[in-house]
Amino acid sequence: MFVRMLRQSFAGNRKRKALAAITVALSAALITTLFALSVDVGDKMATEMKAYGSNIRVTPRSENMPLIIGGRDFNPLRGRDFIDEAGLPKLKDIFWRHNIVGFAPRLTLPVVAADQGSAPEFSLIGTYFDRNVPLPDDPGYRTGVRTVNPFWHVAGAWPADEAGDGPVGVLIGGGLAQRLGAAVGAELALAAPETPLATAAVVRVTGILTTGDIEDQALVAPLGFVQKLAGQPGKFQSIDVSALTVAENDLSRKASRGAEALTPEEYDVWYCTAYVSSIAHQIEEAIPGVSARPIWQVASGEGAVIGRIQSLLFVVSVAAIIAAAMAVAALTTTTIAERAAEIGLMKALGAAPWQIYLLFIGEAVIVGLAGGAIGVVAGYLMAQGVGWSVFGTGVDVRPITVPVVLVTSVITVLVGSIVSSREIASLLPAEVLHGRQ
Amino acid sequence: MAYYITIVAQTLTVAALAAALWPFVAGAREAGRAGTLLALLAGAAGGFIAVAAAVGLPRSATAIATLVHAAALVVVLSGLLLLPFAARIGRASAGWPALWRLAAGCVLIATVSTQGVFDAWRLSANHTLTATDVINTELIVNCAAIVIALAALTALGLLLARVARLAGHTASTLALAAALLLLTVAGAEKTLLGMLRIDLVPVTAGRVSLVARLSIITPWLAYGHLVIALGLAATALARRLRIPEDVAGRIERRRLRARGLGERRWRNGLAATAAFLLAVMLYQDLYASRPPRLSEAVEMVPDERGTIRIPVENVKDGNLHRFAYIASDGHRVRFFLVNRYDEAHASIGVVLDACLICGEGGYVQRGEEIFCIACNVRMYRPSIGKPGGCNPIPLDHTLADGVIVIAAGALEKGTRYFSEVVEITVADPVSGAAVKNTNAPYQYEHNGRTWFFENRDTYDRFRATPDAFVKPTPGQPGRV
């Protein structure tokens, strides 16, 4: 009976129902777009926080002095302070040494191509590719960027870490290769933009590197070669460490406010758990004068943006919901006025008020679901558009968006129709059936 | 998801039960609804204040919890004692003013819900709703779980209030009394434990054992309350409306049928809600919250040379191969072999299935990775076999002709890391009589091996000249 009446009501009232559904669909599309952007970034952040591996960047402590005024870095020590290469094996000497999978030191030197005198300078990055670092208990230990950054893609061959005969092999970033017109096998002569280099430098490109980061605009060479050019033997500026860690939790978050905040028992548990923060702390203990910080790639990039505008997104969504609910309320009021005689007849036949309400709620749920479904599809397309124009990539719309938007749409319609269906109770069968008010 | 539903159901089911049953049992009809709602709100507010106090003063969190539990215990116990009066007077609807009966109920409902909200927070304090502040799937799912659980409990309360009328006054009074009795027992345990922890009462063996005995009931509390709700639904089913044969007239019959249909809906709704909560709680307790299980260990018995030999060929597939050895004193020593590199470059890590830091929890393999169960740290595979960090304890072994040889003596040394003891029958080295390791009256450790004796005499003789009785076994410690 209920189903038949519901079907009847839709058959007689198609236009108004469609209008209500479209109103809801508009607000649902807006919510889907904003929600999809936010949840995509939120999920990426949550995955990053829970990942079993993360990277730590170790820099000299003076580098961390914040001296940024008006967006420019005025730290006079930046790039002047170095870490000693002799301290590297100490990384594998900490309590969680087995959880340090690999590390790659890094020394950056600004250079220009010798035959293109006026061209803009680019970075020459010295690092380990896959180099043997003898440890007391493992003389064959190998590490380098191939371990730390497994997602680096090289078209061509990886160069050797030790200098052989002839020009030194290097990787060239994809962007830089295009700019210089260099292909695999090309030889480049390098010069320093200001001070002359310590030795003459000719390198041979063995492969083209794609990382999606600053290395795309740089040359990546063996560390020893760059140290010689810079006149800084045995020195480098930073280390990237890849560590196996456990997911962050309350304790590690408490510790991130400073290890002093922990009680002695908490400190022990924290120190003996492979949180990225405790591993970073132990690296700082092992190598004097450095500071080790976990690198949260999403959290410090997109996450920071979304985190700031999140409340704005909510306000816009709530405004859209309220607008849609008011529109639905107006439509429902008209429907009830139009169908007063029908409601009166139901009451006269002995229908309880909740049965009439149920009819209207049933309608609201169906309209909400239909509108929400249209809105999800439209919102998906809009989110892709926004993603491409703002972040330059498509947005991965998470499955959770669909139930959330559908529930929100149904609630929108329910709120709208409940507000106005209170009039049902005040309708008197005798009056409406007579056509008098 | 199931975790948060379980937490809410465990802590707040009793509040729904009390709010549904007390007004009916005590005969508070119309004023009952508003009073109950106000009491629930006041209880929730009280719970949040207690949580805020515990968060603000982390050092006295145990004291605050004890205070909440003690207050709830007093109120619940008084409610249980007052229940017979309230119920009898409620039926006669005379004597005790209705307002007093309602007020007593409201205090009970508010206190029970305060304790529920506080316990829900306390139980889930080490569980985070979300890993980051930016809205994400996990946050939405967890919040949805809490909303679903609260909605289910609200439905349970509303349906129970209806079904209680169908089940009758006596059945409802008994149900409420049973629910309060369960809560009193659990509350006594929590209060006493709290008082012991903050040194309010001195710790004695008797008190600790009383707490331990009472604590058996605590995890089953919410199950008990849901079963009580199901019992009321069953009572209502037994007392369901049957249309008498002699009802004359179609109109009267149809009216009765409609009433019967309505009552059936309430009953079925209650049973379905309670069954849903029970199912989620069972799923969480029996399946989802279980720690990962260790894979089966293959029992190994040393050969006549006292060694265990495992060909590299059998264990180089990259999986974790777990074995067990029963030591001379009955300890079950687990160890595992795993290939540190790929199949072409077999290098087998031979380690005990225990960690110096985390104990004997053991290690499991999930996909390609090997984890410590206790601390959830992922092992860097090439490092297995080296000491340090959370790595498994290395086991002495030799590699000969593609066979890994482990001396039984090396495994005997591992007994101190494992607590699991298997009952074995051994011979008394002096008399040769068969004794069991678990009930032998005397035992003596000599040269890293444990010997069991049937009586004092053989024990003393062995202690005086152990080497006279120990037959040198190859591979065992003590061999010359």
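These are my notes on a predicted model with chains A and B.

I began with the UniProt record, an unreviewed entry, which lists residues 6-25, 37-57, 63-86, 98-118, 138-161, 173-196, 216-238 and 266-283 of chain B under "transmembrane region". I then looked up two of these spans in the model: residues 98-118 of chain B are 100% helix and 0% strand, with end C-alpha atoms 30 Å apart, and residues 266-283 of chain B are likewise 100% helix and 0% strand, their end C-alpha atoms lying 26 Å apart.

**Contact between the chains.** Next I turned to the interface, where 24 residues of chain B are in contact with 32 residues of chain A. Sorting the chain B side by class, I found nine nonpolar, eleven polar and four charged residues.

**Nonpolar cores.** I noted that the largest nonpolar core has 89 residues, and that Leu219(A), Ala221(A) and Ile283(A) have the most contacts inside it.

**Sheet in chain B.** Last, I traced an open sheet of five strands in chain B, which has mixed pairing and the order 1-3-4-5-8. Its edges are strand 1 (298-299) and strand 8 (392-394) of chain B, each of which pairs on one side only. Within the sheet I looked at strand 3 (residues 321-326) and strand 4 (residues 332-339) of chain B, which pair in the antiparallel sense over six bridges; His321(B) stands opposite Leu337(B) of strand 4.

Key:
Residues are numbered from 1 along each chain as its sequence is written. Chains are lettered from A and ligands numbered from 1 in the order in which they are written. This is a predicted model: local features need pLDDT of at least 70, side-chain atom pairs count only at pLDDT 80 or more; totals for chains, interfaces and linings use all residues. UniProt positions are given in the numbering used here, feature names are shortened, and annotations may be inferred rather than shown by experiment. Helices (H or I, at least four residues) and strands (E, at least two) are DSSP runs, numbered from the N terminus. Two residues are in contact if their C-beta atoms, placed from the backbone, lie within 7 Å. Ala, Val, Leu, Ile, Met, Phe, Trp, Tyr, Cys and Pro count as nonpolar, Asp, Glu, Lys and Arg as charged, and the others, Gly among them, as polar. A nonpolar core is a set of buried Ala, Val, Leu, Ile, Met, Phe, Trp, Tyr and Cys residues joined through C-beta atoms within 7 Å. A residue is buried if 20 or more other C-beta atoms lie within 10 Å of its own, exposed if 12 or fewer, and partly exposed in between; C-beta atoms are placed from the backbone. Two strands pair if DSSP finds at least two bridges between them.
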